[in-house]
Structure formats: structure tokens, C-alpha cells
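Subject: Structure handover, pockets and ligand

Hello,

Please find the structure below, with its sequence.

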Amino acid sequence: MSGSLVIAGLGPGDEALVTPEVSQVLAEATDIVGYTPYVERVPARDGLARHSSDNRQEIERAAHALEMAAAGRKVVVVSSGDPGVFAMAAAIFEALESGDSAWRQLDIRVLPGISAMLAASARVGAPLGHDFCCINLSDNLKPWPLIEKRLRLAAEADFAMAFYNPRSKARPEGFAKALNSLRDACGPERVIVFARAVSTPEASVRVTTLGDAQPEMADMRTLVIVGSSLTRVIERDGEPFVYTPRSAP
Ligand code: SAH
């Protein structure tokens with residue numbers, strides 16, 4: 001079998017944040033597979049088939065990619081950010097584990113990308129400079145009580161926290177509940193950052209406190225960071241810096 005399957009991260013949006021090894025595999029691919037807006041980030045060219053699908057069809061998409069690689073194609077599955085962070089790499093391995101055993105002999109590689117939390121953190125300073133955790137706030141693939149439990153324990157452990165998928169039209173209520181839990185656990189003074197569409201022309205950043213945070217400040221293009229008790233804000237003209245010192249007392 002001469003086919004291959006690469007699961008590649010396209011970074012948060014800016015072309016300059018796509019790694020050279022990802023650019024290289026995209027240039028050599030015969031097939032690009034992924035959620036429509038990510039597939040559209042790869043320009044059309046002769047010899048390249050682009051297969052886009054809805055973002056709920058991850059397992060079907062993964063099996064399709066594996067079938068094409070088994071048929072000898074050079075397939076690249078694209079995700080935004082890093083493909084291993086709430087994205088397609090795990091879906092590919094789920095399909096691999098439960099699918100045709102011949103797929104296991106395929107040339108399969110995962111190429112990392114700059115995840116939204118790293119781009120968002122860099123945009124405001126270094127809020128993830130000490131211990132932190134990241135949590136997907138979507139309850140599409142896990143029950144809401146598990147999210148609440150993780151929020152509570154992360155707050156108790158005094159982690160800084162990065163939240164993916166905070167709020168969507170299909171799930172308008174969850175993020176308001178999450179904010180209430182965080183406010184109860186961390187207090188109203190705790191810093192919160194809303195980093196929207198980082199590294200794209202629509203980028204916007206808001207630094208505020210849990211006491212002043214509103215659910216509407218987040219949407220599906222927002223990465224939310226809540227600081228630990230040690231996270232600091234350095235005020236200056238324009239946007240403040242936010243950072244978490246490297247040491248804890
Ligand atoms: N694999 C991706 C995450 C996919 S989940 C990664 O590593 O970044 C999709 C979520 O990522 C969005 O709901 C949002 O919370 C976040 N996200 C993706 N791109 C972003 C960007 N440019 N700015 C802010 N948040 C982003």
C-alpha cells in the first residue's frame with residue numbers, strides 16, 4: 001500500500017502560523033478531508049480533491065479518510081489548531097481501532113499545530129505560565145454533570161483554565177451555568193479573558209473579571225481563559241497584559 005494518512009493542524013487562522021511540515025504535506029496531498037471551513041483554508045489546485053463535511057460527522061469522515069488511504073491516496077485530514085486537541089486525530093484512532101485491521105499497517109502520522117489556547121495565551125501575555133488545564137465546554141460528547149465536576153475540581157486545584165467550545169447557538173445555556181459555577185468557586189475578582197478569532201482579521205480580546213463577565217461575551221470562535229488565584233493583570237495604555245507567575249507559594 002503506497003497510500004498515507006496525515007492528520008494535520010492548521011493553527012488558529014493566520015497562514016504564518018501553519019508549520020512548514022504541514023504546508024509540505026498539503027502541497028503533496030491528493031485528498032483533503034475535514035470540516036468545511038477548515039478544508040476551505042487549503043486552496044484548490046489541479047490533482048487535489050477536497051472532501052468537506054459537517055462537524056458532527058467525525059467518525060464517518062475518519063473512516064472515509066482511512067478507506068482512501070488504503071486505496072493508495074495521499075490523504076490529509078485537517079483540523080484547526082492542533083489536531084490532537086478536541087479534534088480529528090482522536091476520531092481517526094477511534095475509527096482505526098474499531099475498523100478494518102488492514103488499516104493498522106497504513107502510514108499514519110499526526111502533525112501538530114498551534115492550538116487556540118496557545119495563540120490566545122500569547123495574544124494577552126502568559127496566563128498559562130504556571131500549571132493549567134483545558135476543558136471542552138461542549139456536552140455533545142459527554143454529560144454536563146461531568147463538566148461541572150471538572151470545573152469544580154479545577155477551581156479547587158487552583159489551575160488556570162482554558163475553555164474550548166464555550167458557547168454555541170445549539171447550547172446557549174451551558175456557558176452561563178459554567179460562569180456561575182466558576183464565580184462561586186473563584187470569586188468575582190478572578191480574571192477572565194475572552195479571546196475571539198485570534199490571529200484572524202476579526203480578532204478581538206476582552207480582559208475582565210468573573211464578576212463582570214457575561215455569557216454573551218463568548219461564542220463558538222472564542223477561547224476563554226480563567227486565571228488562577230495568582231494570575232496578574234498589568235494595566236497600561238490600551239490592552240493590559242495578563243500573566244501567571246511561574247511559582248506558587
Ligand atoms: N483543535 C482546535 C480546537 C477545536 S475545538 C485547536 O487546537 O485549537 C473549536 C474551538 O477552538 C472553538 O470553539 C474555540 O473555542 C477554539 N478556537 C479555535 N480557533 C480559535 C481562534 N482562532 N481564536 C479563538 N478560539 C479558537
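The notes below take the pockets in turn and then the ligand.

Please keep in mind that this is a predicted model.

Largest pocket

The largest pocket has a volume of about 1,600 Å³. Its lining is made up of 48 residues. Nearest the centre of this pocket lie Tyr-38, Ser-80, Phe-86, Asn-165 and Met-220. By type, the lining of the largest pocket holds 22 nonpolar, 15 polar and eleven charged residues.

Both domain 1 (4–114) and domain 2 (117–243) contribute to the lining of the largest pocket, with at least three residues from each. Several helices and strands supply at least two residues each. The helices are α2 (36–39), α3 (58–70), α4 (88–98) and α5 (116–124), and the strands are β4 (74–79), β9 (191–196) and β11 (222–226).

Second largest pocket

For the second largest pocket the volume is about 210 Å³. Its lining includes Leu-10, Glu-15, Val-18 and Ser-23, as well as Arg-41, Pro-43 and Leu-48. The lining of the second largest pocket divides into seven nonpolar residues, one polar and three charged.

Ligand

The ligand is surrounded by 19 residues, and the closest are Val-85, Ser-115, Ala-116, Met-220 and Thr-222. Met-220 also has a polar backbone atom 2.7 Å from an oxygen atom of the ligand. In the side chain of Asn-165, an N or O atom is 3.0 Å from an oxygen atom of the ligand. A polar backbone atom of Arg-221 is 3.4 Å from a nitrogen atom of the ligand.

How much of the ligand does the protein bury? Taken alone, the ligand exposes 550 Å², and the protein buries 92% of that.

Regards

Notes: Residues are numbered from 1 along each chain as its sequence is written. This is a predicted model: local features need pLDDT of at least 70, side-chain atom pairs count only at pLDDT 80 or more; totals for chains, interfaces and linings use all residues. Side-chain values use heavy atoms; hydrogens and water are left out. On a 1 Å grid over the protein atoms alone, a cavity is a set of points where a 1.4 Å probe fits but cannot get out, and a pocket is an open set with protein on both sides within 12 Å along at least five of seven lines; lining residues have an atom within 4 Å of a point. Grid points are joined across faces, edges and corners, and a volume is the space filled by probe spheres set on the points. Helices (H or I, at least four residues) and strands (E, at least two) are DSSP runs, numbered from the N terminus. Ala, Val, Leu, Ile, Met, Phe, Trp, Tyr, Cys and Pro count as nonpolar, Asp, Glu, Lys and Arg as charged, and the others, Gly among them, as polar. Domain bounds come from an automatic or database domain assignment. A residue is near a molecule or strand if one of its heavy atoms lies within 4 Å of it. A polar contact is a pair of N or O atoms within 3.5 Å; within protein, one must be able to donate a hydrogen and the other to accept it, and residues adjacent in sequence count only if both atoms are side-chain atoms. Accessible areas come from the Shrake-Rupley method with a 1.4 Å probe; for residues, only the protein chains shown count as cover.
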